[in-house]
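Trainee: Could you take me through this model by asking, for each label, which value stands behind it and which cut-off that value has to meet?

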Amino acid sequence: MKQGEEDPMTSEEDIKHMYEQHVMRTYAPQLTLVRGKGTRVWDTEGKVYLDFGAGIAVLNAGHSNDHVVQAITRQAAVLTHVSNLYFNEKQPKLAAKLNAIGLGGKCFFANSGAEANEGMIKLARLWGHEQGRYEIVTMQNSFHGRTLATAAATGQEKIKKGFAPMPEGFVHARFNDLASVKQLVNEKTVAVMLEAVQGEGGVVPADPDFMTGVRALCDEQKLLMLCDEVQCGMGRTGKWWGYEHYGVKPDAFSVAKALGSGYPIGAIVCNQKLEDVFAPGHHASTFGGSPLACAAALATIEAIESERLVERAADAGAAFAEGLSVLAERYAHVQSVRGKGLMQGLVLDEDAKPLCEMLMDMGLLVLPTAGNVVRFLPPLSVKDSEIEEALDMLDDCLAEWHGATAEAAPEPPPEDAAAPAAPAAGAQEETDDVAE
Ligand SMILES: *Cc1c(COP(=O)(O)O)cnc(C)c1O
């Protein structure tokens, strides 16, 4: 296309072809989307879908939220970027807001979840440096990003395979097993890092005793407690931050995904103990905290507040979880339901991917994860009627699926809803997660 010409709508076929030719194959998308509003998105054929993935927990305030669209448009016309060599009005305003709903200290701005975590890891190491402490205990099945350090922090082998040597300084404890964390703490340990609700790990909430136990251990051993709120933060679980469900506060947490409603921005949010650890020259980012990114994030937080979306996530999440539990009782292939607020997982007794593909064909977008878990992360603005609609589609889909598999496997395996369902053997290896 020459400059000045109108961009004609390219056909889905041409789009796919261009992807194959020009874009590295790190993902395997199946659908081309052209428009979104609220909980709904449209494809090139004009078919509408209920988006219960929300761009992987990004559109918490809904697709094309009016307030966010206005803020981005207005800011784009005035000043997009200046670098951190200059002040910009939006950055301290966003920081003040995040500190008020966060930990009362200060913020650092980055551009993604991985970058926020990478910065948080550096912050912890710098804090422990003089005492020679650098090792961070993270959790098995955690997910912290795809840079080398955040992949090393991630407690999943499939993410590291082929990229050796990995950066040192990370050891993995069993999630929800305090004794296994204690076992790994030694004179080199500087921090414990975890998600209040593991997202990529299969929508697994921390046990209350575990979270309070980790906080107590960190206090006792003078370690930092670091939370990765990239997926479970920004109101997703029915509170601003996942850790708030446990009556504890970490020393720092990372946030990204939903922070800018799709405009890339991430942040480290810390308490007063850590607020002056970084000094000029220690850490930096060219794009971090640009006027445009901060305007998008400020407007996102304002929209979540004015539309009362945190409360909405709690209420709608409870209703949705109840509906899912009914389906879990009805269908033998569903082992259990788990999650918090509008971060819910349906645990199957087999690979979740085929079911997610069937749901897509029916018009419901969801995210398979950890092999056998169907993950739901709808916009927090989801309407009651949309939840009903999604549950109906899921009901139909499970009925069809059950019918199709009933002949192949007439004996449903025994259910064990109480056990933390492990991914179906082999499923994890084969499954390319949609996410990250
Ligand atoms: C998505 C995710 C990340 C990585 O975020 P990116 O923006 O993809 O780099 C880190 N931690 C958690 C918990 C996530 O869900």
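Predicted model: local features only at pLDDT ≥ 70, side-chain atom pairs only at ≥ 80, totals over all residues.

Trainee: What makes the approach of Asp228 to Asn117 a polar contact?

Mentor: The side chains of Asp228 and Asn117 come to 2.9 Å, and because a polar contact requires N or O atoms within 3.5 Å, that distance meets the cut-off.

Trainee: How do you know that Asp228 has no salt bridge?

Mentor: The nearest side chain of opposite charge is that of Lys257, 7.1 Å away, whereas a salt bridge needs the two atoms within 4 Å; Asp228 is therefore left without one, although it is buried.

Trainee: Which residues are the closest to the ligand, and how many surround it?

Mentor: The ligand is surrounded by 13 residues, and the closest are Gly113, Ala114, Asp228, Gln231 and Lys257. An N or O atom in the Gln231 side chain is 2.7 Å from an oxygen atom of the ligand, a backbone N or O atom of Gly113 lies 2.8 Å from a ligand oxygen atom, and a backbone N or O atom of Phe143 lies 3.2 Å from a ligand nitrogen atom.

Trainee: How do you know that the length of helix α10 agrees with what a helix should span?

Mentor: Helix α10, residues 291-306, has 16 residues, which at 1.5 Å a residue should span 22 Å, and because its end C-alpha atoms are 22 Å apart, the two values agree. Helix α5, residues 113-128, also has 16 residues and reaches 23 Å from its first C-alpha to its last, which is close to the expected 22 Å. At the start of α5, a side-chain oxygen of Ser112 reaches to within 3.1 Å of the backbone nitrogen of Glu115. The buried residues of α5 include Gly113, Ala114 and Asn117.

Trainee: What makes α10 a mostly covered helix?

Mentor: Of its 16 residues, 13 are buried. Pro291, found in α10, shows the reasoning: its relative accessibility is 1%, and because buried means under 20%, Pro291 counts as buried.

Trainee: How far apart are Pro291 and Lys90 in sequence and in space?

Mentor: They are 201 residues apart in sequence, yet 5.5 Å apart in space from C-alpha to C-alpha. Lys90 is also among the residues in contact with Pro291, as are Gln75, Leu79 and His81.

**Salt bridges**

Trainee: Why is the pair of Glu389 and Arg40 called a salt bridge?

Mentor: The closest N and O atoms of Glu389 and Arg40 are 3.0 Å apart, and because the cut-off is 4 Å, the pair qualifies. This pair links distant parts of the chain, with Glu389 in helix α13 (residues 384-406) and Arg40 in strand β2 (residues 40-43), 349 residues apart.

Trainee: Why do Lys106 and Asp276 carry the labels they do for accessibility?

Mentor: Lys106 has 38% relative accessibility and counts as partly exposed, whereas Asp276, with a relative accessible area of 54%, is exposed because it passes the 50% threshold. These two residues form a salt bridge, their closest N and O atoms being 2.9 Å apart.

Trainee: What makes the phi of Ala54 worth a remark?

Mentor: Phi of Ala54 is near 50°, a positive value in a residue other than glycine. Ala54 is found in helix α2, residues 54-57, and with a relative accessible area of 0% it is buried. Ser83 likewise has a positive phi, near 75°; at 18% relative accessibility Ser83 falls under the 20% limit and therefore counts as buried.

Trainee: What kind of peptide bond joins Ala164 and Pro165?

Mentor: Omega is about 0° there, and the bond is a cis peptide bond. Pro165 has its place in the loop between α7 (157-160) and β6 (170-173).

Methods:
Residues numbered from 1 in each chain as written. Heavy atoms only, no water. Buried < 20%, exposed > 50% of the residue type's maximum accessible area, 1.4 Å probe, protein only. Lys, Arg positive; Asp, Glu negative; His and termini not counted. Polar contact = N/O pair within 3.5 Å; in protein donor to acceptor, adjacent residues only side chain to side chain. Helix = DSSP H or I, 4+ residues; strand = E, 2+ residues; numbered from the N terminus. Expected span 1.5 Å × (residues − 1). Near = heavy atom within 4 Å. Contact = heavy atoms within 4.5 Å. Lists of a residue's contacts leave out its neighbours within four places in sequence.
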